[in-house]
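Hello,

Here is the structure I said I would pass on. Please open it first, and then read the notes below beside it.

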Amino acid sequence: MASTEKKTLYTADATAIGGRSGHVRSATGIIDLDMSVPEGLGGKKGATNPEELFAAGYSSCFQQALLVIAQRAGDKLDPQTEVKCSVSLFQEGEGYGLSAVLDIDLKAFDKDKTINMVRQAHKICPYSVGTRGNMEVELRVQGEAIPVEAEENAGVAEKGGVQ
């Protein structure tokens, strides 16, 4: 098996001050937000939190992976395709962790094709690759959990990433 060279395509930079009750700003200034503990855990209104930012990034990235998979197959996604991501913060003993649920509605394809496309996207999405083996990720299609084989949550991306 030929090795491939890793090529950095982009690096995002952000700086946090004050932790969960502080402020975060990206180097571009596009993200410039007050941070807070989630409101349901006693945090303030009008501020975001790391889990919310992670969910936004993961859902966007996964949707791009679906676009790539559709394009490779000669298909086109419905413009109303939705990828919802729920990121949960949990405590386990002394430590904390995250889990995610991705709920996909492709609108235009039958269930079997949708499940196949979701599984393929899960193999190439950088967030899925980055969390694989480190974080529980549940895949759903229109609210219904789809079975994920152990090998789909282990290893690294197959060749060809998300552009």
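Gln142 sits in the loop that links S6 to S7. This is a predicted model, and every value below was computed from it. With a relative accessible area of 58%, Gln142 is exposed. Its phi is positive, about 50°, although Gln142 is not a glycine. Most residues other than glycine have a negative phi.

Lys107 is another case: its phi is positive, about 65°, and Lys107 is not a glycine either. Lys107 belongs to the loop between S5 and H2. Its relative accessibility is 40%, so Lys107 counts as partly exposed.

S4 and S5 are antiparallel and pair over eleven bridges. They form a hairpin with two residues between them, and Gly93 in the turn has a positive phi of about 65°. Glu92 is found opposite Gly95 in S5.

Glu138 is a residue of strand S6. Is Glu138 buried, partly exposed or exposed? Its relative accessible area is 24%, so Glu138 is partly exposed. Not counting residues up to four places away in sequence, Glu138 touches Ala100, Val101, Leu102 and Ala145. Glu138 and Cys85 are 53 residues apart in sequence, and their C-alpha atoms are 9.8 Å apart in space.

Two packed helices are described by the angle between their axes and the distance between the axes. Here the axes of H1 (residues 50–72) and H2 (residues 111–124) come within 8 Å and cross at roughly 115°. This crossing is right-handed. On the H1 side the contact is made by Tyr58, Phe62, Ala65, Leu66, Val68, Ile69, Ala70 and Arg72, and on the H2 side by Met117, Val118, Gln120, Ala121, His122 and Ile124. Of the residues in this contact, eleven are nonpolar, two are polar and one is charged.

Thr114 is in helix H2. Its relative accessibility is 3%, so Thr114 counts as buried. Apart from its neighbours within four places in sequence, Thr114 is in contact with Leu106, Phe109 and Val141.

**The nonpolar core**

How many residues are in the largest nonpolar core? There are 29, and those with the most contacts inside it are Tyr58, Phe62, Leu66, Leu102, Ile104, Met117 and Val118. The elements that give this core two or more residues are H1, S4 (82–92), S5 (95–105), H2 and S6 (136–141). H1 provides the largest share, nine residues.

Leaving aside neighbours within four places in sequence, Phe62 is in contact with Val83, Leu102, Ile104, Val118, Ala121, His122, Cys125, Ser128 and Leu139.

**A separate strand pair**

One more pair of strands remains. S1 (residues 14–17) and S2 (residues 23–26) run antiparallel, with four bridges joining them. Ile17 has His23 of S2 as its bridge partner. S1 and S2 form a hairpin with five residues between them, and Gly18 in the turn has a positive phi of about 90°.

Regards

Note on methods: Residues numbered from 1 in each chain as written. Predicted model: local features only at pLDDT ≥ 70, side-chain atom pairs only at ≥ 80, totals over all residues. Heavy atoms only, no water. Axes fitted to C-alpha atoms, helices over the stretch in contact; angles between N-to-C directions. Left-handed = near helix turned anticlockwise from the far one by under 90°. Contact = heavy atoms within 4.5 Å. Nonpolar A, V, L, I, M, F, W, Y, C, P; charged D, E, K, R; others polar. Core = buried A, V, L, I, M, F, W, Y, C linked by side-chain atoms within 4.5 Å. Buried < 20%, exposed > 50% of the residue type's maximum accessible area, 1.4 Å probe, protein only. Pairing = 2+ DSSP bridges.
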